[in-house]
Amino acid sequence: MGTIGGWIFFLLLCVGAYFASQMPPPERTVTGELSGVASASDGDSLRLDGRRIRLEGIDAPEIGQTCNRDGAEWDCGADARQRLRAMVAGGTTVCRLHGRDKYGRDLGTCETNGRDIGRQMVVTGYAVSYGRYQKEEASAEKQNVGLWAGDFTRPQAWRRANGHADETPHVVDGWLDAIRLWLFDQLTALFASIGDA
């Protein structure tokens with residue numbers, strides 16, 4: 001009877017996941033808007049009007065993180081920051097804020113010259129999806145651009161391995177993505193603990 005109960009629970013979970021995937025993504029409340037000349041702190045954070053803004057839905061290599069490309073080590077963290085600097089240079093950046101993260105940074109989506117900066121960072125391969133832009137990441141990987149032109153450790157895993165503060169995705173495009181990201185996070189932590197043992 002226990003086995004049958006387990007299968008029924010699994011079936012109900014699958015049905016629930018299917019219906020959750022059909023629901024529209026949760027709406028995010030806009031808590032403010034900033035506009036002006038921005039500067040890049042790293043590959044996924046800006047400074048604008050004296051405030052630090054963490055771009056939602058992306059994760060870029062950390063400053064000091066290196067990757068491999070063409071058989072050589074390269075400073076992918078510095079390159080990601082440089083790419084973001086180039087995107088915001090000489091234009092007005094508009095950020096819609098959606099609250100703060102646990103480190104007190106504003107969370108938001110930003111545009112320069114009408115282009116979504118987070119989306120562009122993922123499309124060009126200088127950041128990975130972190131709750132949004134999964135299609136853009138798949139496209140960058142398929143085209144072998146940016147980070148995908150070589151080997152790299154996802155920034156979240158790199159932070160864990162190097163004693164940096166852990167950070168969870170800020171936003172997801174749908175309920176199924178939220179479940180998927182939670183499972184991925186749990187498996188990553190499990191494998192890290194096995195590797196440490």
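**Strand pairing, disulfides and aromatic contacts in a predicted model**

Strands β2 (residues 38–42) and β3 (residues 45–48) run antiparallel and are joined by four bridges. Strands are taken as DSSP runs of E of at least two residues, numbered from the N terminus, and two strands pair if DSSP finds at least two bridges between them. Within this pairing, A38 stands opposite L48 of β3. Two residues separate β2 from β3, and the two strands form a hairpin.

The model is predicted, with local features requiring pLDDT of at least 70 and side-chain atom pairs counted only at pLDDT 80 or more, whereas totals for chains, interfaces and linings use all residues. Residues are numbered from 1 along each chain as its sequence is written, and side-chain values rest on heavy atoms, with hydrogens and water left out.

Two disulfides were identified, a disulfide being a pair of cysteine sulfur atoms within 2.5 Å. In sequence order of the bonded cysteines, the pairing is 1-2, 3-4.

The link of C95 and C110 is right-handed, with 110° about the S-S bond. Because C95 belongs to strand β8 (residues 93–100) and C110 to strand β9 (residues 106–112), the pair ties together parts that are 15 residues apart in sequence. C95 is buried, its relative accessible area being 0%; C110 likewise counts as buried, at 2% relative accessibility.

One aromatic pair is present in the structure. The pair consists of W148 and F152 and is edge-to-face, at 4.9 Å centre to centre and 85° between the planes. Rings of Phe, Tyr and Trp (its six-membered ring) are paired if their centres lie within 6.5 Å, with planes under 30 degrees apart classed as stacked, over 60 as edge-to-face and the rest as tilted. W148 counts as buried, at 14% relative accessibility.

A further contact involves a charge over a ring, assigned if NZ of Lys or CZ of Arg is within 6 Å of the ring centre and within 35 degrees of the ring normal. R69 lies over the face of W74, at 3.7 Å from the ring centre.

Key:
Buried means under 20% relative accessible area, exposed over 50%, partly exposed in between (1.4 Å probe, protein chains only).
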